[in-house]
Every structure is written in C-alpha cells, then in structure tokens.
Amino acid sequence: MPKKIWAVLLCLVLLLGITACAQSSTEEPQSSGKEKITFVLDWVPNTNHTGVYVAQELGYFDEAGLEVEVIQPPEGGALPLVAAGKAEFCVSFQEEIAAALTSNSPLDVVAVGTILQHNTSGIISLKEDNILSPKDMEGKVYATWDTPIEKAILSQVITKDGGNYEKVKLVPSTVTDIISALQSDVDAVWIYYGWDGIATEVKGLETNFFALKDIESVLDFYTPVIAAGQDYLKENADTAKKFLAAVAQGYEYAIAKPEEAAKILVKYAPEVDMEIAIASQKYLANQYKAEVERWGYIDQERWDSFYDWMYENKLIPIKLEAGAGFTNEYLPE
C-alpha cells in the first residue's frame with residue numbers, strides 16, 4: 001500500500017482517538033439518581049441491625065429511591081456525626097440521647113424509632129455461681145463499664161431486691177467475649193440477652209440471667225433506637241419516611257423469616273458466627289415488635305418515665321420536657 005494512503009489512515013485513527021478522548025473527558029459520571037443516606041452503626045454488625053441489611057439486600061432501599069451506605073461508628077460516637085450533618089441516621093440509645101440533649105453543648109438529635117420494643121438487657125452469670133437475683137451479687141465480681149448510669153441502675157435493682165450494692169466487687173472491664181469473660185475471674189456481666197445470652201446457649205454454657213426490666217419497670221427503656229438530626233428531618237421529611245418504611249420492611253422480613261434474615265446479615269458481615277446469628281434472630285423475631293402493631297413505635301409514657309428517673313438520680317442536669325428526644329412521626333402507619 002502506498003505510503004501516502006498509510007499516512008492518511010494513520011491521521012484518521014489519531015483523529016478518531018483524540019475525538020473519543022475529548023468526549024470521554026467531558027462526559028459527566030453516571031449517577032444512580034437515588035438519594036444518598038449514610039447510616040452509622042453503634043458497634044460491629046449484629047442482629048440488632050439485621051433489618052437494615054435485609055432492606056439493602058432485598059432492594060427495599062432501591063425501591064424507595066435510596067442509596068444507603070452502612071458504616072462503623074467513629075471514635076467519638078455516631079450521634080455527633082448525625083448532629084453535624086455528616087450522616088443522616090444512626091443507632092443510638094435512649095440514655096445516650098438524654099445525655100446529648102442535656103450536655104453543655106446540646107446536640108439537636110431525636111430518636112425516630114426503636115429497634116427493639118423492650119429492654120432485653122440484664123445480668124448473666126454461670127449457674128454454679130448461684131446468682132439468681134440482684135441481691136445475690138453481693139460478694140461477687142462484676143465487670144463494670146464504670147459509668148454513672150450503669151452504677152445507678154445496679155444500685156437500684158440490688159437495693160430493691162434487699163441487697164447491699166456496696167458489697168459488690170466492681171472490676172472495670174470492657175467485655176467483648178462473654179464466653180471467655182464468664183470463664184475467667186468475673187462472676188457477673190451486664191449483657192443484651194438477644195446476642196450474648198443466646199451465644200452462651202449456643203456454646204453450651206449453663207447460666208443464670210435476670211432482666212433489669214423485670215426487677216424495676218422504669219428500666220424498660222428503649223435500647224437500641226434509630227436517631228437522626230432535627231434539622232435533617234425538617235428539611236427531608238419525605239426521605240426520612242421512605243428510609244424508615246424500607247427499614248421497617250426489613251425488620252418485618254426478619255420477624256417472618258429469621259433464618260433467612262440471619263444469612264443475609266452474615267453475608268454482609270462474614271465474621272459473625274452463623275449459628276449464633278440464626279439462634280439470635282429467632283429470639284429477636286419476638287422482640288422487634290413484641291406486643292405492638294408497628295415496628296419502631298415508642299410509647300411516650302415509658303420514654304418519659306425513664307428520663308424522669310434519670311433526672312431524679314442526677315444522671316442528667318436538667319429535667320426534660322414530656323416527649324423530648326423522640327418522635328413517631330416518620331414511621332410508616
């Protein structure tokens with residue numbers, strides 16, 4: 001082929017290449033068109049969070065036009081992130097919200113739904129230690145987080161049960177493995193039964209457990225909850241409702257199909273023990289809604305009673321107004 005034709009062809013190829021590069025450099029990145037939401041966990045993924053992962057896996061967020069990113073909490077906690085507008089929703093706790101509302105630099109946050117209908121936390125111990133009720137903690141070693149609210153709650157239930165709180169041996173310790181802790185020098189640990197209690201069952205440990213709410217009704221507070229910033233909710237009410245509707249759908253699925261839901265959780269968090277996840281999910285299937293009709297619903301009387309108790313026990317510096325710190329407005333009907 002003559003050199004002139006080769007030269008012409010080469011020019012055409014270069015021209016086409018330059019044109020293609022110019023077009024690709026000016027094209028905007030493809031957008032999903034979905035509203036982006038960042039959801040911050042309170043700890044490592046577990047069955048408290050299953051409904052969110054189900055909504056992710058089964059397309060409930062997609063159907064609602066949402067793109068949801070689930071992230072671990074920063075060192076400073078999830079609530080400040082939400083209050084600062086760096087995330088839209090997070091997992092929190094009723095007592096944490098009270099502290100946020102009454103601090104020297106208050107955070108304008110609010111619970112928009114509860115994950116569990118009742119407080120499933122309490123004290124667990126090996127059966128051989130014979131701790132059947134709070135007063136039996138006298139003379140025993142208790143692994144404490146060393147927080148004022150924890151100590152106030154323990155003092156109340158032990159005293160009500162006829163025991164002496166001062167006789168409990170408090171040893172500061174952050175327990176991450178309940179099985180190992182109970183087989184060490186620790187006699188009693190505060191746990192959420194839906195995960196750690198179930199874990200002891202699965203692993204064949206014989207234990208005793210008493211729930212705090214069964215000793216003192218005011219301790220049936222809401223934990224954990226989903227929280228958001230007030231400003232975000234005011235400006236994005238429809239989006240908040242879509243998000244919570246999808247999440248509620250995820251928890252309804254977990255209630256109806258706990259084993260399948262547990263497998264979805266483990267898909268997103270493969271480090272989770274599958275056997276414990278399935279057993280935990282079956283337990284929580286009866287706890288997500290318990291006796292109420294709507295997942296996420298918060299009863300104002302119970303909510304306010306616990307805040308009154310916190311104020312009376314000097315755990316918060318000011319008395320909160322009735323209904324402060326939560327709303328059911330964004331939950332699906």
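This is a predicted model: local features need pLDDT of at least 70, side-chain atom pairs count only at pLDDT 80 or more; totals for chains, interfaces and linings use all residues.

**Entry 1: H6 and H14**

I looked up H6 against H14. Their axes cross at roughly 95 degrees and come within 11 Å. Angles of 65 to 115 degrees count as roughly perpendicular, so H6 is roughly perpendicular to H14. From H6, I find Ile149, Ala152, Ile153 and Gln156 at the contact; they meet Phe306, Trp309 and Met310 of H14. I sorted the contact of H6 with H14 by class: six residues are nonpolar, one is polar and none is charged.

**Entry 2: the cores**

Next I checked the nonpolar cores. The largest has 44 residues, and those with the most contacts inside it are Ile97, Met137, Leu219, Trp303 and Trp309. I listed the elements that each supply at least two residues of this core: helices H4 (78–83), H5 (94–102), H6 (148–160) and H14 (300–312), together with strands S4, S8 (188–192) and S10. H6 gives the most to this core, six residues.

I then picked leucine 219. Beyond its neighbours within four places in sequence, leucine 219 is in contact with Asn119, Ile153, Val157, Leu212, Lys213, Phe306 and Trp309. There is also a second, separate core of 39 residues, and it includes Val54, Leu66, Ala261 and Leu265.

**Entry 3: the sheet**

In which order do the five strands of the open sheet lie? I read it as S2-S1-S3-S10-S4, with mixed pairing. Strands S2 (66–71) and S4 (109–114) are at the edges; each has a single partner strand, so one side of each lacks a neighbour in the sheet. Neighbouring strands of this sheet are turned against each other by 30 degrees on average, direction ignored.

I followed S10 (residues 225–229) on both sides. S4 and S10 run antiparallel and are joined by five bridges. I noted two pairs here: valine 109 has glycine 229 as its bridge partner, and alanine 111 has alanine 227. S3 (residues 89–92) also runs antiparallel to S10, through four bridges. There, valine 91 has isoleucine 226 as its partner.

Is S10 mostly covered or mostly open? I find it mostly covered, with five of its five residues buried. Val225, Ala227 and Gly229 point one way from S10, while Ile226 and Ala228 point the other way; all are buried.

**Entry 4: H11 and H12**

I moved on to H11 (residues 237–256) and H12 (residues 258–268). They pack at an angle of about 125 degrees, and their axes are 5 Å apart. H11 and H12 are therefore oblique to each other. H11 brings Tyr253, Ala254, Ile255 and Ala256 to the contact, and H12 brings Pro258, Glu260, Ala261 and Ile264. By class, the contact of H11 with H12 has seven nonpolar residues, no polar ones and one charged.

**Entry 5: glutamine 281**

Last, a single residue. Glutamine 281 sits in helix H13 (residues 274–284). Why does glutamine 281 count as buried? Its relative accessibility is 0%, and buried means under 20%. Leaving aside neighbours within four places in sequence, I list its contacts as Thr47, Thr50, Ala254, Pro258, Ala261, Ala262 and Tyr288. Ala254, Pro258 and Ala261 were already in my notes, from the contact of H11 with H12.

Technical notes. Residues are numbered from 1 along each chain as its sequence is written. Side-chain values use heavy atoms; hydrogens and water are left out. Two strands pair if DSSP finds at least two bridges between them. Axes are lines fitted to C-alpha atoms, for helices over the stretch in contact, and angles run from 0 to 180 degrees between N-to-C directions. Buried means under 20% relative accessible area, exposed over 50%, partly exposed in between (1.4 Å probe, protein chains only). Contact means heavy atoms within 4.5 Å. A nonpolar core is a set of buried Ala, Val, Leu, Ile, Met, Phe, Trp, Tyr and Cys residues joined through side-chain atoms within 4.5 Å. Angles under 35 degrees count as roughly parallel, over 145 as roughly antiparallel, 65 to 115 as roughly perpendicular and the rest as oblique. Ala, Val, Leu, Ile, Met, Phe, Trp, Tyr, Cys and Pro count as nonpolar, Asp, Glu, Lys and Arg as charged, and the others, Gly among them, as polar.
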